[in-house]
Amino acid sequence: MGSFFKECEHPEPRWSKCPHEYKIRYRNASGRQAEESGFANQELAKARLAEVYHARKNSPMSLHKAERIRKYGSMQFATYTAEWLKGQRHQSPTSLRNVDSTLRNHLLPAFGSRRMGTFDHKVVSAFITDMERNGVGLGAQTNAFIRLKAILLDAHRLGLYEDSPLEGVQPPQYDAERAVIPSVGQLVGIRSAGDDAFRLVAELMSGCGLRNGEAYAVNVNNIVADDVYRVGEQVNQATKCYARLKHRKAGEYRDVPLPARTKHAIEWYADTYGTVDGYLLRNPKDITLAMPHHIISGQWRRLKASGQVDIPEGMVLYGLRHFFASNCLGNGIPITDVAEWMGHRDVKITFKHYRHLMPGSISRAAEVLDLGLAA
């Protein structure tokens, strides 16, 4: 309901005899903490707290909240989640597919029949502990926690919980492994393997830092300057159609550096094979359709299996994009610029993956600071 107190040097047993006024603290109808002062004795403070409590309990907002608790509190997690999914229309088909996979494999087996009103921090912490004991990978643990967090925060906003069931929960600690990056010599070998479409993708990923799907959507009209390529869409892996960029609204884009050799590779491919509305890579079976992911990824798998090209152990096709970051940071380009060019929402993502590629940053800083101090 609330509490009453005094802000003076006297201990609580002497409050009834000291002359200082009482204060009260409570949560108002909107759930925010509030304070009032000026109460001469405990009785007046308690009476005011009771008045606030009854007013809040009978307020329209509280009545609506009570109705929501009755409706959703007893609802099973599986049913609630099905309704929650209807509101996720803003997510891309690939993201929705990942959400569905996480629900089916982790959340619904653990919580499908649990009533929504019974979640608290102990339930969530026990779920994380169970995943650890069952040997669930850290990446999968993190995805499961993120999805559960989104669902429970949605329920919390409806008023199902006084305190967030996530408060105090230690999330899974996911430390991304260092990227496996090819050397310059290995990159030369990879770029000369496969067919011309594969080579163009390799050039775009290593030269401009494009993601796989962004490279498949390469368009000659996106060369907006001799040294600038505009990334505005990707080929969605699930729909096999052109779509907005990852984590971006339709129409958003980013401009990236365009090395001369990458520009030449784009123009050569366009001159050799032609384009459809400016697009270079098309479905071999129907040139009106975009290039599906499996064509390039299939070549990559066959290339690795053949052993004819020197490819670092553990490298995936995405390692070509990692090479771009390595090349930038190794040549002193600020990590903030690299983060923007790679399309990272937060520079922390770039820093987490590529900090070890920044050459001697602390030692170099010490030298520069020393010069300044000696001036």
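Reply:

**A buried methionine and its helices**

With a relative accessibility of 0%, M342 counts as buried, since that value is under 20%. The model is a predicted one, and M342 has its place in helix α13. Beyond its neighbours within four places in sequence, M342 contacts R211, R254, R321, F324, A325 and Y354. G209 lies 133 residues away from M342 in sequence, yet their C-alpha atoms are 5.9 Å apart.

Helix packing is the next topic. Two packed helices are described by the angle between their axes and the distance between the axes. Helix α12 spans residues 319-330 and helix α13 residues 335-342; their axes come within 10 Å and cross at roughly 155°. Because this angle is over 145 degrees, α12 is roughly antiparallel to α13. The crossing of α12 with α13 is right-handed. On the α12 side the contact is made by R321, F324, A325, C328 and L329, and on the α13 side by I335, V338, W341 and M342. By class, this contact between α12 and α13 comprises 8 nonpolar residues, 1 charged residue and no polar ones.

Helix α12 also packs against helix α8 (residues 196-208), with axes that come within 6 Å and cross at roughly 30°. The angle is under 35 degrees, and α8 and α12 are therefore roughly parallel to each other. Here A202, M205, S206, G207 and C208 of α8 meet L320, R321, F323 and F324 of α12. The contact of α8 with α12 has 6 nonpolar, 2 polar and 1 charged residues.

Conventions. Residues are numbered from 1 along each chain as its sequence is written. This is a predicted model: local features need pLDDT of at least 70, side-chain atom pairs count only at pLDDT 80 or more; totals for chains, interfaces and linings use all residues. Side-chain values use heavy atoms; hydrogens and water are left out. Axes are lines fitted to C-alpha atoms, for helices over the stretch in contact, and angles run from 0 to 180 degrees between N-to-C directions. Helices (H or I, at least four residues) and strands (E, at least two) are DSSP runs, numbered from the N terminus. Angles under 35 degrees count as roughly parallel, over 145 as roughly antiparallel, 65 to 115 as roughly perpendicular and the rest as oblique. A crossing is left-handed if the near helix is turned anticlockwise from the far one by less than a right angle, and right-handed if clockwise. Contact means heavy atoms within 4.5 Å. Ala, Val, Leu, Ile, Met, Phe, Trp, Tyr, Cys and Pro count as nonpolar, Asp, Glu, Lys and Arg as charged, and the others, Gly among them, as polar. Buried means under 20% relative accessible area, exposed over 50%, partly exposed in between (1.4 Å probe, protein chains only).
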